[in-house]
Structures are given as structure tokens and as C-alpha cells.
Amino acid sequence: MPIDARDLDAEATYKLLTGVVVPRPIAWVTTLSPAGVLNLAPFSAFTFVSPKPPMLGISIGRKNGQRKDTAAHILSGREYVVHIADMALTDAVHASAVEHPADVSEADLLGLARTASTHVAVPRLLAPPVAMECRLHSVTPYGDTGSEFIVGEVLCWHLRDGLLQQGKVDSLALDPVCRLGGPNYAALGRRVTLQPIAQTAKRVLPPAHDA
Ligand SMILES: Cc1cc2nc3c(=O)[nH]c(=O)nc-3n(C[C@H](O)[C@H](O)[C@H](O)COP(=O)(O)O)c2cc1C
């Protein structure tokens with residue numbers, strides 16, 4: 001069933017995008033308001049864009065044409081912390097998306113303990129298994145709705161003890177909350193482990209011919 005993209009408005013397209021780009025990881029972001037209130041909100045339009053220096057990207061839309069608190073705080077303070085929540089925190093992740101006035105801290109409302117970060121002024125949460133202290137790198141607007149792709153450099157990683165095994169994160173132990181369309185979430189399913197690509201290439205490519 002072909003759908004001409006020009007026939008869909010932003011809302012219908014958003015539903016399509018969030019239905020087909022699944023499952024999505026969730027950046028659970030703390031920022032500080034200019035008055036020093038700790039803001040917390042989830043963003044699943046989230047990926048990494050560079051390994052060295054490590055950089056993460058988040059797409060933040062607008063609410064009634066205005067920047068959401070997270071985007072506004074990142075632009076004003078230039079620092080934030082991206083957390084990866086595990087399944088035990090699913091309810092808190094969901095509830096942290098409820099809109100509150102800028103002087104209300106979602107982290108306080110949800111009773112989430114925090115501690116000082118080491119490289120940025122924005123505190124990090126203690127409960128999530130991963131926290132990444134970030135400094136703003138760039139902001140790029142896209143499209144007609146004022147969405148902005150915010151890229152930040154990771155200055156410091158905090159990983160729960162035991163998560164890192166020989167330099168690799170044990171994804172099943174991480175147990176990340178994954179986002180589907182609407183108010184739907186998922187846990188990691190069955191893990192399928194294949195041969196490394198170099199060995200797979202030897203198996204599936206024909207041997208090179210001599211000239
Ligand atoms: C799991 C989840 C993921 C979300 N992902 C995004 C996203 O990628 N971009 C976005 O603009 N809003 C996203 N939202 C909506 C924001 O979290 C919501 O607008 C929130 O109130 C923003 O808070 P703030 O104004 O404190 O920044 C998401 C909501 C949920 C529940």
C-alpha cells in the first residue's frame with residue numbers, strides 16, 4: 001500500500017514514524033532550569049552520532065510552537081545528563097513525560113535520588129544503570145514543525161558495576177526500556193548471536209578470481 005508522504009500532515013506522519021522506527025532506545029534527560037530546578041523528561045528520537053569524541057543526538061519537538069523545557073535548558077545551560085533506564089523504571093520514565101510548570105521538578109515528584117555529576121553542573125539520577133554527562137555540541141532545526149536535533153558530547157560515563165564485561169556492555173543485564181508507538185514499551189526479546197562480519201563475509205562471498 002503506497003502512501004504519498006505529501007498527503008500526510010505532521011501528526012499522521014509522526015504516528016507512522018513512531019510506529020515503524022521501533023523499538024527505540026530512550027534518552028532520559030536531566031537538565032537544570034535557569035532557577036536551578038532539576039528537570040527530567042524522556043526522548044526516544046535518540047541515537048549516537050560519533051564514537052570519538054562520543055556524541056549523542058536527540059530530536060526534540062516543540063509544544064504549541066515553544067521549545068520544551070529540556071531543549072530550552074540545554075540551549076541556555078549547555079549541559080545535561082542522558083540516562084538509560086532499565087525496565088524497573090518504566091513507570092517513572094512514562095510519568096516523567098507529564099508536563100509540569102518549569103518550577104516543578106519531575107525528579108522530585110517521582111522521588112528519584114540524584115547525586116552531583118563530575119564534569120557538568122546538572123545532577124545525575126542514581127537509579128538508572130547508565131548516566132552520560134553531556135555538553136552541548138550543536139543544534140540543527142529540521143522540517144516545518146521546529147523540531148531540533150540536539151547533539152552533545154559525552155564527557156563522562158557512569159555505568160552500574162558489573163555492566164561492562166571486557167569493554168562491552170551486557171545488553172541483557174542492562175535490560176533497557178524500549179519505546180514503541182504511543183504509550184507502548186517493550187523489553188529486549190530473544191538475543192540472536194551470529195558469526196562476526198569478517199567470518200560471515202568469507203562464508204557468503206565467492207573467492208576472488210585471479211586477473
Ligand atoms: C517514552 C517517551 C519518549 C518521548 N520521546 C520524545 C522525543 O523523542 N522527542 C520529543 O520531542 N518528545 C518526546 N516525548 C515527549 C516528551 O517527553 C514530553 O513532551 C515532555 O513533557 C517534555 O518535557 P520537558 O518540557 O520537561 O522537556 C516522549 C515521551 C515519552 C513518554
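Two conventions before I start. Residues are numbered from 1 along each chain as its sequence is written. As the model is predicted, local features need pLDDT of at least 70 and side-chain atom pairs count only at pLDDT 80 or more, while totals for chains, interfaces and linings use all residues.

Overall picture. The protein has six helices and 15 strands. Helices (H or I, at least four residues) and strands (E, at least two) are DSSP runs, numbered from the N terminus. Along the principal axes, the C-alpha atoms fill a box of roughly 70 × 50 × 35 Å. Of the 211 residues, 25% are buried. Buried is defined as 20 or more other C-beta atoms within 10 Å of the residue's own, exposed as 12 or fewer, and partly exposed as in between, with C-beta atoms placed from the backbone. For contacts, the criterion is C-beta atoms, placed from the backbone, within 7 Å. Among contacts with a separation of 6 or more, 61% join residues 24 or more positions apart.

Now the sheet. Seven strands make an open sheet, in the order E2-E1-E7-E10-E11-E4-E3, with antiparallel pairing. E2 and E3, the latter covering 46–51, are at the edges with a single partner strand each, so one side of each has no neighbour in the sheet. On average, neighbouring strands are turned by 35 degrees against each other, direction ignored. Pairing here requires at least two bridges found by DSSP between the two strands. Axes are lines fitted to C-alpha atoms, for helices over the stretch in contact, and angles run from 0 to 180 degrees between N-to-C directions.

Take E7, residues 79–84, as the example. Strand E1, residues 27–32, pairs with E7 in the antiparallel sense over three bridges, and Val29 has Val82 as its bridge partner there. Helix H2 packs on this sheet, with its direction at about 55 degrees to that of E1. H2 touches E1, E2, E4, E7, E10 (130–142) and E11 (147–159).

How many of the residues of E7 are buried? Six of its six. Glu79, Val81 and His83 are buried on one side, and Tyr80, Val82 and Ile84 on the other, which leaves both faces covered.

A nonpolar core is a set of buried Ala, Val, Leu, Ile, Met, Phe, Trp, Tyr and Cys residues joined through C-beta atoms within 7 Å. The largest one has 31 residues, and Ala27, Val29, Val81 and Val82 have the most contacts inside it. At least two residues each come from E1, E2, E4, H2, E7, H3 and E10.

Next, the ligand. There are 18 residues around the ligand, and Ala41, Ala45, Asp69, Thr70 and Ala97 come nearest. The shell takes in residues whose C-beta atom, placed from the backbone, lies within 6 Å of the molecule. E2 (38–43), E4 (54–60), H2 (69–77) and H3 (90–95) each supply at least two shell residues, and the largest share, four residues, is from E2. By type, the shell has eight nonpolar, six polar and four charged residues. The nonpolar set is Ala, Val, Leu, Ile, Met, Phe, Trp, Tyr, Cys and Pro, the charged set is Asp, Glu, Lys and Arg, and the others, Gly among them, are polar. In H2, Asp69 and Thr70 are buried, as are Ala71, His73 and Ile74.

Last, the backbone. Most residues other than glycine have a negative phi, and most peptide bonds are trans. The Val22 to Pro23 bond is cis, with omega near -10 degrees, and Pro23 is in the loop between H1 (10–20) and E1. The Lys52 to Pro53 bond is also cis, with omega near -5 degrees, and Pro53 is in the loop between E3 and E4.

Where is Asn64? In the loop between E5 (62–63) and E6 (66–67). Asn64 has a positive phi of about 50 degrees, and Asn64 counts as exposed because it has 4 C-beta neighbours inside 10 Å. Arg78, in the loop between H2 and E7, has a positive phi of about 65 degrees. With 15 C-beta neighbours inside 10 Å, Arg78 is partly exposed.

Notes: Two residues are in contact if their C-beta atoms, placed from the backbone, lie within 7 Å.
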